[in-house]
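Welcome to the tour. Open your viewer, switch to a cartoon view with side chains at hand, and follow along from stop to stop.

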Amino acid sequence: MVFDLLRAKPDHKTAPVAPVAPARKASASARVMASQSTTTWGTSGPRDTQALTRAGFIANPITHRAVKLIAEAAASLPLILQNAQQRFDSHPVLGLLTRPNAAQGQADLLEALFTHLMLSGNAYIEAVAGDDGLPYELHVLRPDRMHVVPGRDGWPLGYDYKVGAKTHRFAHDPQRPAICHLRSFHPLDDHYGLAPLQAAATAIEVHNSAARWSKALLDNAARPSGALIWRGSDGQGLMGDDQFRRLSDEIEANFQGARNAGRPMVLEGGLDWKPMGFSPSDMEFHTTKDASARDIALAFGVPPMLLGIPGDATYANYQEANRAFYRLTVLPMAARVTSALCEWLTRYNDELLTLRPDLDQIQALSGERDAQWKRVSEADFLSDDEKRRLLGLPPRNTEEAIG
């Protein structure tokens with residue numbers, strides 16, 4: 001782990017090494033980027049990732065469930081590793097992903113990877129590499145501790161991982177990169193991605209504020225705030241200090257809080273109660289909360305029906321919503337991440353491989369799969385190899401020759 005790297009001796013295999021200059025890029029914009037990226041210090045990360053994570057993922061049930069739903073579904077997808085000739089049942093890359101490190105399995109590592117990608121827009125994987133071949137271990141690093149170190153041409157020169165007062169520099173080697181940086185598209189940032197959590201920040205604040213207001217209302221006997229108005233016999237309505245303190249103490253002790261809910265208030269002569277707040281129906285409390293929950297689900301790409309949000313009639317039934325969830329959210333993210341992982345790992349052994357989700361084993365897409373297989377099998381004008389190619393399978397002749 002990176003904590004061991006921070007305590008490692010200088011002769012450790014993964015100890016900090018001299019930065020390797022990245023390959024020169026023939027880009028006309030490199031000079032413009034260099035004017036803003038000439039320093040070797042880490043650039044600032046996305047805006048207050050920790051605060052957004054606490055308010056959104058930890059304290060908001062809608063965001064928490066949406067992120068967990070996507071991460072767990074994407075991490076549980078069966079994966080296919082193949083090249084142009086065959087599909088592999090066993091391979092060093094598959095073995096590394098199955099047991100990436102001593103503390104995590106494939107599902108745990110991928111779930112952490114997808115979760116970081118949705119919460120911060122960035123995900124980092126560290127490769128503990130040896131002298132040759134594939135890495136020994138893979139570790140997911142926290143994005144809030146990682147900072148990109150841009151070079152003179154704007155491309156990453158390295159990555160700084162800060163834990164407390166300690167900093168470890170991962171030098172960027174284009175041939176065998178120690179860090180795989182996955183990021184979502186950000187139109188206004190050259191080095192960091194844009195998280196769905198940032199796009200849903202306003203809706204999360206509204207939803208959390210509605211929850212806090214609801215709790216405060218329950219703590220106040222489920223009644224809006226108001227005022228006691230006293231009119232004296234002379235009509236001026238002025239209380240003495242002793243009367244004011246006694247009335248305030250009596251209200252606080254006998255009428256405030258959830259334990260005093262429903263207790264009637266006995267008003268003496270001259271006292272009148274005047275409500276000064278809006279009731280939940282006046283504020284359209286449930287409508288506002290459901291609308292903000294729907295905006296959160298929209299930002300993450302989860303159908304509101306899957307999150308239990310009422311009032312949504314976009315999908316005919318739950319099965320259609322689940323199919324759309326996999327097609328529009330889970331599979332695009334999983335395909336992009338697995339492709340980037342495969343491209344990064346194959347730099348260590350110079351193989352041409354593809355890693356992708358196995359669509360034939362996804363239960364939510366069984367109806368589409370049956371229709372596709374029937375349509376392809378009934379196409380008499382196609383050869384067997386053409387049919388297998390349409391279904392994502394390698395040619396049969398090649399498999400038989402290899403076998």
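**Stop 1: Thr338**

Select Thr338 and show its side chain, which reaches the backbone oxygen of Ala334 at 2.7 Å. That is a polar contact, meaning a pair of N or O atoms within 3.5 Å; within protein, one must be able to donate a hydrogen and the other to accept it, and residues adjacent in sequence count only if both atoms are side-chain atoms. Thr338 belongs to helix α11, residues 318–349. Helices (H or I, at least four residues) and strands (E, at least two) are DSSP runs, numbered from the N terminus.

Is Thr338 buried or exposed? Its relative accessibility is 4%, so Thr338 counts as buried. Here buried means under 20% relative accessible area and exposed over 50%, with partly exposed in between (1.4 Å probe, protein chains only). Now display the contacts of Thr338, where contact means heavy atoms within 4.5 Å. Apart from neighbours within four places in sequence, Thr338 is in contact with Leu79, Leu355, Arg356 and Pro357.

Before moving on, a word about what you are looking at. This is a predicted model, in which local features need pLDDT of at least 70 and side-chain atom pairs count only at pLDDT 80 or more, while totals for chains, interfaces and linings use all residues. Residues are numbered from 1 along each chain as its sequence is written, and side-chain values use heavy atoms, with hydrogens and water left out.

**Stop 2**

Next, select β11, residues 354–357. This strand has a covered face, Leu355 and Pro357, and an uncovered one, Thr354 and Arg356. Two strands pair if DSSP finds at least two bridges between them. To see one of these bridges, pick Gln82, whose partner in β11 is Thr354.

Between α11 and β11 there is a loop, and Asp350 lies in it. Most residues other than glycine have a negative phi. Asp350, which is not a glycine, has a positive phi of about 60°. With 70% relative accessibility, Asp350 counts as exposed.

**Stop 3**

Select β4, β3 and β8, which form an open sheet of 3 strands in the order β4-β3-β8, with antiparallel pairing. At the edges stand β4 (137–141) and β8 (179–183), each with a single partner strand, so one side of each is left without a neighbour in the sheet. From one strand to the next, the twist averages 20°. Axes are lines fitted to C-alpha atoms, for helices over the stretch in contact, and angles run from 0 to 180 degrees between N-to-C directions.

Between β3 (residues 122–128) and β4 there are 5 bridges. Zoom in on Ile125, which stands opposite Val140 in β4. Then bring in helix α6 (residues 106–120), which packs on the sheet and touches β3, β4 and β8, its direction making about 145° with that of β3. Helix α11 also packs on the sheet, touching β3, β4 and β8, and its direction makes about 160° with that of β8.

**Stop 3: another open sheet**

Select β5, β6 and β7: these 3 strands form an open sheet in the order β5-β6-β7, with antiparallel pairing. Which strands stand at the edges? They are β5 (146–150) and β7 (166–171). Look for His147, whose bridge partner in β6 is Asp160.

**Stop 4: Ala200**

Now select Ala200, in the loop between α7 (196–199) and α8 (201–219). Ala200 has a relative accessible area of 2%, so it is buried. Not counting residues up to four places away in sequence, Ala200 touches Ile296, Ala299 and Phe300. Try the distance tool on Ala200 and Ala297: they are 97 residues apart in sequence and 8.6 Å apart in space, C-alpha to C-alpha.

**Stop 5: helix α12**

Select α12, residues 366–377. Its buried residues are Ser366, Arg369 and Val376. What covers them includes α13 (384–390). Turn to the face away from the buried side, and you will find the exposed residues Lys374 and Arg375.

**Last stop: the whole chain**

Zoom out to see the chain, with its 14 helices and 11 strands. Of its 403 residues, 40% count as buried.

Definitions and conventions:
The expected span of a helix is 1.5 Å times one less than its number of residues.
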